[in-house]
Amino acid sequence: MEPLADLDTPGELSFSARSADRIERLPPHLFFLVSAVFHYLGPAFAVLLFAEIAPLGAAWLRIASAAAIFALWRRPWRYFVALSADDRGRVVGLGLVLAAMNSCFYEAIARLPLATVGAIEFLGPIALAAHGLRTARNGAALVLAFGGVYLLTDVRIAGEPFAYLFAFANCGLFMLYIVLGHRIAAGGGWGGIDRLAAAMTIAMLAALPVGIADALPAFLSPMLMAAAIGVGVSSSVIPYVCDQLAMARLPRATFALLLSLLPATATVIGILVLRQMPSRAEALGIALVVAGVALHRER
């Protein structure tokens with residue numbers, strides 16, 4: 001397959017080459033830190049929209065606004081047709097995962113604290129690492145993480161059993177996002193971002209049947225639409241692009257280790273933006289999950 005950059009015009013190619021050169025000079029850990037902040041900052045703002053827009057509508061607006069931005073920026077349809085059958089399958093798979101993951105995530109954070117959902121999100125990657133590399137270290141990481149999630153779920157599960165179905169579904173889908181995200185980033189450069197842009201378009205179409213009805217109020221309110229676009233930029237464009245730039249240059253084990261920042265990030269943003277103060281039991285549970293993610297080691 002020809003390099004994707006070759007599809008650009010000479011002027012675009014020169015601009016892309018200069019941009020890629022500047023990006024290559026930045027440490028990949030910086031992209032992860034930016035992603036870590038925006039990964040939960042955007043959803044925190046989305047929670048504020050739930051008074052006017054139901055969770056599935058907010059999730060679709062997030063995906064659709066991100067897809068529109070990617071379409072204007074990268075024009076992904078030009079690249080999708082040039083992909084191999086295997087790459088096209090990965091892009092379609094990632095699009096379906098993004099649609100389901102965002103929908104489950106928004107249904108979960110509409111009912112549970114952001115920090116709780118953020119901590120549960122990481123059981124999947126830890127369990128996958130422990131299954132793939134059976135060591136005492138990964139066993140201890142799994143015990144810590146499950147202990148933390150037990151504390152978090154035991155606090156609220158009696159009142160919100162349905163919410164945890166969405167939270168644990170999001171956990172499994174997040175694991176698939178990491179696996180597929182690394183695969184589409186494997187080529188490095190802008191190729192991963194172009195594949196991500198195509199996947200976001202597929203996600204928009206996949207989530208349309210379940211989200212469009214609840215999203216309709218935003219089309220009648222410029223303020224709501226502007227807020228929804230802001231959520232899409234901060235939730236899907238910035239963090240997913242940064243994930244691709246980090247995944248392309250960091251080994252999966254290093255990336256997985258850095259994920260230990262995310263439950264803590266969710267807690268801090270939940271406190272600052274949503275005023276969701278964790279109880280002592282919840283704070284201990286989140287700390288145990290952070291410790292488990294930091295301790296586990298992938299192949």
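A residue is called buried when its relative accessible area is under 20%, exposed when this area is over 50%, and partly exposed in between (1.4 Å probe, protein chains only). The model is predicted, so local features need pLDDT of at least 70 and side-chain atom pairs count only at pLDDT 80 or more, whereas totals for chains, interfaces and linings use all residues. Residues are numbered from 1 along each chain as its sequence is written, and side-chain values use heavy atoms, with hydrogens and water left out.

**View 1. A salt bridge joins Asp-194 and Arg-74.** A salt bridge is a side-chain nitrogen of Lys or Arg within 4 Å of a carboxyl oxygen of Asp or Glu; the structure holds four. In this pair, the N to O distance is 2.7 Å. Because Asp-194 belongs to helix α10 (residues 191-219) and Arg-74 to helix α3 (residues 55-74), the contact ties together parts 120 residues apart in sequence. Helices are DSSP runs (H or I, at least four residues) numbered from the N terminus. Both Asp-194 and Arg-74 are buried.

**View 2. Arg-195 forms a salt bridge with Asp-87.** The closest N and O atoms are 3.6 Å apart. The pair links distant parts of the chain, with Arg-195 in helix α10 and Asp-87 in helix α5 (residues 85-109), 108 residues apart. Arg-195 counts as buried at 10% relative accessibility, and Asp-87 counts as buried at 16%. A network of salt bridges links Asp-87, Arg-90 and Arg-195.

**View 3. Glu-107 and Arg-111 meet in a salt bridge.** Their side chains are 2.6 Å apart, N to O. Glu-107 is buried, with a relative accessible area of 10%, whereas Arg-111 is partly exposed at 32%.

Notes
Helix = DSSP H or I, 4+ residues; strand = E, 2+ residues; numbered from the N terminus.
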